[in-house]
Amino acid sequence: MPKAFYVTTPIYYVNDKPHIGHAYTTIACDVLARFKRLDGYDVKFLTGTDEHGQKVAKAAAEKGVTPQEICDLNSQTFRDVAKNLGISNDDFIRTTEPRHIAACQALWKRLEENGQIYLDKYAGWYAVRDEAFYDEGELTKGPNGEKLAPTGAPVEWVEEESYFFPLSKWQDKLLALYDANPDFIGPKSRFNEIYSFVKGGLNDLSISRTAFSWGVPVPGNPKHVMYVWIDALTNYITGLGYPDESGEMAKFWPKTDPVALHVVGKDIIRFHCVYWPAFLMAANLPLPRRVFGQGWWTVEGQKMSKSLGNAIDPNALIEKYGRDQLRFFLLREIPYGNDGDFSEAAIAGRINGELANAFGNLAQRFLSFIAKNLGGVLPEPGPLTDADKELLGACRSLADQCREAFERQAFHDALEAIFVVVRAANGYVDVQAPWALKKTDPARMSTVLYVLAECTRHLAILMQPFTPDATAKLLDQLAVPEGERTFAFLGPDHALKGGATLPAPQGVFPRYGDPPKAAGKGA
Ligand code: ME8
């Protein structure tokens, strides 16, 4: 039985269009999903849109359209961006779908049956922008003396009848969960942040609203709609068929040995690491395995926002640099989990320095040599020297290094390990100088070319999650059959077969800034 892996992005609010911050999370999840599929896991990858709540209702009213219209329009935009980014999600959930409304109502009823919901009155502060309640003590003062949420969002005073979830009673259970599972929250800094927040004591949570109607009706009392976060978090199990607890729920949300990874921005870890596990425990449902809170991108030092008009459209970057290049850049540039500042100058540097000059050039150097001098036939290797063994040994240890890094969502560590080998392989070409061996020692030349091809096969297979289009082309050029591109083929029993005819080489990682016709030409 293959092992199961379930990965989810946050579901994005449809009040606005997707920008590079959303694309970042979705790309990270796509890379995780692709990696695990290549490693033999049975993977489910879910993304989607969060369509209820006051924020979306307000955005619709400002545009003079119905909430459903703005949802339909912007949800499609998120879907289109995902397609353009080459995202391999298995499902796309919209919280306005009947399957989701049914799941939310089923979860609500279950909480109610378990005595985990009570009716009372909420009087306090609410920030529509964050869709979050705040205590008086958390608020700060804005430039005009106005009250602001700690995120800077404006707050309004709300007083209404509301259903509550007794979150305060779950403090000990949550702390016990974190103590028993130190990997439940990553990276470590976010674990510490959540731990001390919960340790500081929890208030019961208002989980319904009556001031507006754009939400999932509370079963038995449709004057109330569910608080958008209980609705939104439920998407992760709607996507598995909840309330049906067999099928995908049993596989990807198992009672023991959980397999689900929620990747979210650091802005919403409290919802995922405190509220969500508390709701699940209160409903006697299993838990996810881990929540990873990624860092925040600013643009030229500033927060990306609609009002500043500096939100970066991922489609424009794909158009300009290419989608593999954008995917690679975002995960290579900043250690995953840290904040980063986005600047276009850095993209070109990464593309040219690493994809084109280091990796692309490595492949083109030996592939064009084989095409020109050996009629495109991959040579058979002769006896291996220490240098050959060292390079091949470095390649063979890469998959495990990447697996270890992926367990921590440390894409930057996996990529660094890969690029250590790319640089070693380029050094090997320089030292072995196959072009010089052509006249002096053709047998040795054949071995060197073979070792380079085999090394590139490893690198290309492991780079597939990051740069799927280019590596597919590169593996075609190495004549690696489509069914032999998984990590199972990186083991000691598999290697390229000498004598294979290789297709005509073609650059797969063009330099940014070169005229198109020169793109991808290796040295
Ligand atoms: O919070 N840098 O949706 P949302 C990095 N609907 N990541 C960023 C980013 C930035 N500047 N801006 C956004 C919501 N993100 C809820 C989620 S889940 C049950 C409900 C990413 O549209 C980051 O992952 O505001 C963040 O958590 C997510 O987009 C929030 O998207």
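Select α2 first: its buried residues pack against β1 (4-13), β2 (42-50), α3 (67-84), β4 (118-127), β8 (156-165) and β11 (208-209). Packing here rests on contact, meaning heavy atoms within 4.5 Å. Helices (H or I, at least four residues) and strands (E, at least two) are DSSP runs, numbered from the N terminus.

Before you click on, a note on the model: it is predicted, with residues numbered from 1 along each chain as its sequence is written. Local features need pLDDT of at least 70, side-chain atom pairs count only at pLDDT 80 or more, totals for chains, interfaces and linings use all residues, and side-chain values use heavy atoms, with hydrogens and water left out.

**Stop 1: inside α2**

Show the side chains of Gln-54, Lys-55, Val-56, Ala-59 and Ala-60, the buried residues of α2 (residues 54-63). Buried means under 20% relative accessible area, exposed over 50%, and partly exposed in between (1.4 Å probe, protein chains only). An α-helix has 3.6 residues a turn, so residues three or four places apart point the same way. Now step just past the end of α2 to Gly-64, where phi is positive, at about 75 degrees.

**Stop 2: the sheet with β4 and β8**

Next, select β5, β4, β8 and β10, which make an open sheet of four strands in that order, with antiparallel pairing. Because β5 and β10 (205-206) stand at the edges, each with a single partner strand, one side of each is left without a neighbour in the sheet. Two strands pair if DSSP finds at least two bridges between them. Between β4 and β8 there are nine bridges, in the antiparallel sense; pick Gly-124 and you will find its bridge partner, Val-158, in β8.

On to the pairing of β4 with β5 (residues 132-134), antiparallel over three bridges.

**Stop 3: the ligand**

Select the ligand and the 24 residues around it; Ile-11, Thr-25, Asp-50, Gln-294 and Trp-297 come nearest. A residue counts as near if one of its heavy atoms lies within 4 Å of the molecule. Which element gives the largest share of this shell? That is α7, with five residues.

Now look at individual atoms. An oxygen atom of the ligand lies 2.9 Å from a backbone N or O atom of Tyr-13. For Gly-21, a backbone N or O atom is 3.4 Å from a ligand nitrogen. The side chain of Asp-50 places an N or O atom 2.7 Å from a nitrogen atom of the ligand. Of the 670 Å² of accessible area that the ligand has on its own, the protein covers 95% (Shrake-Rupley method with a 1.4 Å probe; for residues, only the protein chains shown count as cover).

**Stop 4: His-272**

Finally, centre on His-272 in helix α9 (residues 269-282). Is this residue buried or exposed? His-272 counts as buried because its relative accessibility is 1%. Its side chain makes a polar contact with the side chain of Tyr-236 (2.6 Å) and reaches the backbone oxygen of Ile-268 at 2.9 Å. A polar contact is a pair of N or O atoms within 3.5 Å; within protein, one must be able to donate a hydrogen and the other to accept it, and residues adjacent in sequence count only if both atoms are side-chain atoms. Leaving aside neighbours within four places in sequence, the contacts of His-272 include Trp-229, Leu-233, Val-264 and Val-291.
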